[in-house]
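These are notes on the model you sent for comment. The points follow below the structure.

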Amino acid sequence: MNIEELIETEQQERERQAGLRNRILCCSVAGCTAAAGSAAIRGSIEAAIQEQGLPGEVEVCGTGCLGLCGHAPCVRSANLNETYHDVTAADAPYLVRGDRSRFEGRTVRDTDAFYAGQCRVVLENAGRVDPERVLDYIAAGGYKGLLKVISEMTPFEVVEEIKKSGLRGRGGAGYPTGLKWELVARQESPVKYVICNADEGDPGAFMDRSVLEGDPHRVLEGMAIAAFAVGATQGYIYVRGESPLAVERVRTAIRQAEREGLLGNRVLDHNFQFRIDVRIGAGAYVCGEETALIASIEGQRGTPRPRPPYPPEKGLWGAPTLINNVETFANIAPIIRKGSAWYASMGTAASRGTKVYALAGRIAKPGLVEVPMGTPLRTILFDIAGGVPAGYAFKAAQTGGPAAGCIPAQHLDVPMEYESLQAIGSMIGSGGLIVVDNSVCMVDLARFFMEFCMDESCGKCIPCRAGTVQMHDTLDRIIKGRGSEADLDLLAELAGLMRATSLCGLGMAAPNPVMSTLRHFKDEYLAHIHEHRCLAGSCTPREEVALV
Amino acid sequence: MRVRTLEIDGQMMTGAPGESIFNVAWNNGIHIPRMCHLGGLTDVGACRLCLVEVEGQSRLLPSCMTPVREGMVVRTNTPALQKHRKLIVELLLAERNHVCAVCVANGACELQDLATSLGVDHVRVRYRHPQCEVDLSHPRFGLDHNRCILCSRCVRVCDEVEGAHNWDIGHRGTNARVISDFGTAWGDSESCTSCGKCVQVCPTGALFSKGASVGEMRKDRSFLKYIVTAREKHQWIR
Amino acid sequence: MTDTDRAQRLERVMARHGYSGDSLIEVLHSAQSLYGYLSPKLLALVATKLKLPPSRVVGVATFYHLFALAPKAPHQAMVCMGTACHTAGAPELARVFHDYFPDWQVKVGRCVGCCGLAPMVICDGKPQIRLTPEKLIRQVEDLLQP
């Protein structure tokens, strides 16, 4: 495909879609498909279309995450601008007919707070584009960013544009993306690599997986633009082995893009070469750390190595390597298409743009939401996601998985951005947000995260390997009513050691959940220690207490 | 070749470009504690004992893997570093079964020496007492996992110097173990050449010669420098 | 599929990667999906073909949790233990297997990313969602019906 053909294809597909009476889009990411059976519903809708004699007028296809994952499966009716949740196969004829009365109480309109309160950039194609059809992506303006950089811009200008946008890495650390690109672009090397870190392993985080499953071409386009900017010809997507559907979708997307000449030896018939290969993780959380990920792509044990040198200088097979995560790459094409000024107009001064959050736990509408950086937590949880269901009380929100901390009720108005969360002992992390109600014991939650880190520690450096074990043991002792106040000092000391001396981010961040619950919920720790009881009533020391 | 001038613990020193802080300090009589580093092997920066403070750096840096820079100001023995090192040694002692009184390497153990020099007179964390195997299947040597600290010196010497790559690390986290060949008994290994280099570089009593009783295992770690110099510079000097 | 077919397929995968040591993890993935698990014989074959030291192959195979070094039991359950599932009662679900279906091989899994449908268990590849212990017992019994 060359440039003219791309523009023509976009036009044709747009006109075709505009000529349809309706498009019914079934959410086809893992939650809705594998678990809640949206594939079967799609089949029934197909049958209903035949039955009502509407083929060619009404079309059914899959699409990216509609956001209401807690009420799966979800289906969207494109011309009615409505999304229906908890859909069953019996609803199919009504969907095709456009009978809205059937879905009373199960309808979320685009004007409702859930969608109207969001600002969708990364998820803009969810509900519009079928992840398995490259034409759909092109019709939605896809690959226009790549076209623009190839035909109008120099690599230097691309890097400058990303720098001006103020985009920061969405993997957790928040390093300015433009600066990272500049570092790689500046290296003199005949071989460079671009890696997409899709090893999203934080429990409770499913943004990246949803983007890969729902809009894979967007990530490929972002990677291709990055490769053009830094001068790379080979890319890798490192996908978590636990997400087989994401692997499949990405592979399909790469095949399609290569067939259409959007990836390969001559991208868009220009003198720019870029290929992408998929690498599948094999169940190691630590491989989300960039040097461990590199080791894993090289076929080795996924153990991190000390930095510096950082991957932009010495990465995959010793060559300069750019590593960004899925959400970061997913932001690139819109920035190029609409300009850095547009992107920088969203968010706060220090954190530009939007962020996708995965909401789970005790909340009315668990799922995916995307809001501008700096949106208060209260807005996300209560205005958009409907708050905590009746009968439960909000206790805390756990952000960013085992590396981050909790946000208690008194900080509900904190703006969600990198620095302000750090100030209250938490962090954005990758964007998981788990709402915890009063029935959950915070000490138990801390032990849960420590157990996770203990299992996932690679074992290379001593502070992490032995420190996680000791911290887990200490927490276990406290929960079982055999702890003492000296144990709290020990926890603090181990935390200090791990933060200061661990080799990689896993060990450095592992104490965070403990220290943040200790900071905000010390009374729960003390109740376990002094009164051998759990304030949440969830982990009352059972048989063990008899031993004391 | 221009030398680099830097300050370590208040003394001015010089080092060659690319030389590590650890080496420059060591050559000038400042012995930074370490477990995984051994001259002649590539560094991995795993033990975190040789971490030092470098002015202008927010994080502690492993001195064995950080090259000297002009004008660097390094501190190797601040109270904070001492505190960290002490706790790391305590974690190591509690992780497996380090019972000096019945150890072949008693009196010639780098972990024991380090604990003594750091003043570790008791361990504040709980001893884990894991069940660890002792592999005595090799005709000349033994491997006692109870004493292993996973420094990976044996893995590297076997791969880089002997070229056999009998050893590697298997499993992960606290379950990580040094493994031979297919994770099978050392005596059944087809790649082991029985050269004994791993035994000599092991800092503790994890690898030992058979026949050594409590406190009798003495190791010659200087041999490594000897062979590496011989190989690289063609100079056979002890 | 016969053993010859499997061997041929694995050979093709290795050939596609040029028998390079870097492709070890990819090759182990393929080997496992063909044979179900990584037997010592299979690991030895991979080591020889990729010209890697045996301990390196075993070191990698034991590092990653998705590689199985022993044959799998006829029935497999994976209890998701992500944060949402954990707080929604996943530990009780793991106990169900221990108490009622002891012949099932139960693994505690890392977050599957279906947090909105917590808690969930994948029984013989089929995801079961929004579970309670009672519902899980019913679902498993249904699955066991011929």
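1. Chain C holds an open sheet of four strands in the order β2-β1-β3-β4, with mixed pairing. Strands are DSSP runs of E of at least two residues, helices are runs of H or I of at least four residues, and both are numbered from the N terminus; two strands pair if DSSP finds at least two bridges between them. The edges are β2 (105-109) and β4 (126-128) of chain C, each pairing on one side only. From one strand to the next, the twist averages 25 degrees.

2. This is a predicted model, in which local features need pLDDT of at least 70 and side-chain atom pairs count only at pLDDT 80 or more, while totals for chains, interfaces and linings use all residues. Residues are numbered from 1 along each chain as its sequence is written, and chains are lettered from A and ligands numbered from 1 in the order in which they are written.

3. Strand β3 (residues 121-123) of chain C runs antiparallel to β4(C), and three bridges join them. C:I122 has C:P127 in β4(C) as its bridge partner.

4. Two helices of chain C lie across this sheet's strands. Helix α6 (residues 90-100) of chain C lies across β1 (76-80), β2 and β3 of chain C, at about 165 degrees to β1(C). Helix α7 (residues 133-144) of chain C lies across β3 and β4 of chain C, at about 15 degrees to β3(C). Axes are lines fitted to C-alpha atoms, for helices over the stretch in contact, and angles run from 0 to 180 degrees between N-to-C directions.

5. Chain C is divided into domain 1 (3-63) and domain 2 (76-144), with bounds from an automatic or database domain assignment. The C-alpha centres of domain 1 and domain 2 of chain C lie 31 Å apart.

6. Between chains B and C, 14 residues of chain B are in contact with eleven residues of chain C (contact: C-beta atoms, placed from the backbone, within 7 Å). On the chain B side, β8 (167-170) and β9 (177-180) each supply at least two residues, and β8(B) gives the most, with four residues.

7. In chain A, helix α20 (residues 485-501) and helix α22 (residues 512-520) pack at about 135 degrees, with their axes 10 Å apart. α20(A) and α22(A) are therefore oblique to each other (angles under 35 degrees count as roughly parallel, over 145 as roughly antiparallel, 65 to 115 as roughly perpendicular and the rest as oblique). A:L488, A:L491 and A:A495 in α20(A) meet A:V514, A:M515 and A:L518 in α22(A).
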